[in-house]
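Here is a short report on one protein chain. Keep the sequence and the 3D view side by side as you read.

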Amino acid sequence: MASTEVLKVRVPPDTKQIVRTLAQQQQLTESALLMRLVETMLQTSGAIRTTTFDPLEPVVRGARLYVRLRLEDHVLLRERAASRGMAAATYASILLRTHLRGVAVLPERELVDLKRSVGELGAIGRNLNQLARVANQTGRVTGPSVQDLHALLRACTALRDHIKALINSNTASWNTGHAAASR
């Protein structure tokens, strides 16, 4: 049902501020908050039974959503997307998905970079392990001490494991989203 009529009311500035604050807390516009209040009052008074909504149409894969942004928000969106080497729409899509599903999804390029970093950390760890093995066998170290090498090896291993966990978490959340979207 399309809303075509307007209700007007004048309120003191402090009331207006309270309504503005409540609307922001609910992530609504002031108008949407007032509409909810009016509907709730009408329902509780018995003047109307319930608000009926048109059933949602099924969403098809690749469906488009159009959003209006303030000029300054649009500039920020484009800048942040460009810094990640992606289109603004793709970046916005990732942000929405992350927010709606409560999962941290990395853009594909960043995920590839993380995977490459894990490989490089593994190589560093293997090299440090070889140095530590030689130091343990010969008892002589030129450069870092045996304890330093062991500490570096532990740090690299921990960092590698942490990045692997991020990748696995990201991959699982991405696969869950794709499975849900293809249903």
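Predicted model: local features only at pLDDT ≥ 70, side-chain atom pairs only at ≥ 80, totals over all residues.

## Contacts along the chain

## Overall make-up

The chain has six helices and zero strands. Read from the N terminus, its elements run α-α-α-α-α-α.

How much of the chain is buried? Of its 183 residues, 16% count as buried. The accessible surface comes to about 15,100 Å². Carbon and sulfur atoms hold 57% of that surface.

## Helices H1 and H2

Two packed helices are described by the angle between their axes and the distance between the axes. Helix H1 covers residues 13-25, and helix H2 covers residues 30-45. Their angle is about 95 degrees, and their axes lie 9 Å apart. Angles of 65 to 115 degrees count as roughly perpendicular. H1 and H2 are therefore roughly perpendicular to each other.

Which residues make the contact? H1 supplies Lys 16, Val 19, Arg 20, Leu 22 and Ala 23. H2 supplies Glu 30, Leu 33 and Leu 34. By type, the residues of this contact are five nonpolar and three charged, with no polar ones.

## The loop between H1 and H2

Gln 27 sits in the loop between H1 and H2. Its phi is positive, at about 55 degrees, although Gln 27 is not a glycine. Is Gln 27 buried or exposed? Its relative accessible area is 70%. Exposed means over 50%, so Gln 27 is exposed.

## The nonpolar cores

The largest nonpolar core has 13 residues. Four of them touch the most other members: Leu 128, Leu 149, Ile 163 and Ile 167. Which elements give two or more residues to this core? They are helix H5 (108-138) and helix H6 (146-182). H5 gives the largest share, seven residues.

A second, separate core has five residues. Among them are Leu 77, Ala 81, Met 86 and Ile 94.

## A closer look at Ile 167

Ile 167 belongs to the largest nonpolar core. Leave aside its neighbours within four places in sequence. Ile 167 is then in contact with Leu 111, Leu 114, Lys 115 and Val 118. Find Ile 167 in the 3D view, then trace each of these partners in turn.

Key: Residues numbered from 1 in each chain as written. Heavy atoms only, no water. Axes fitted to C-alpha atoms, helices over the stretch in contact; angles between N-to-C directions. Helix = DSSP H or I, 4+ residues; strand = E, 2+ residues; numbered from the N terminus. Parallel < 35°, antiparallel > 145°, perpendicular 65-115°, else oblique. Contact = heavy atoms within 4.5 Å. Nonpolar A, V, L, I, M, F, W, Y, C, P; charged D, E, K, R; others polar. Core = buried A, V, L, I, M, F, W, Y, C linked by side-chain atoms within 4.5 Å. Buried < 20%, exposed > 50% of the residue type's maximum accessible area, 1.4 Å probe, protein only. Areas by Shrake-Rupley, 256 points an atom, 1.4 Å probe, with all protein chains shown as cover.
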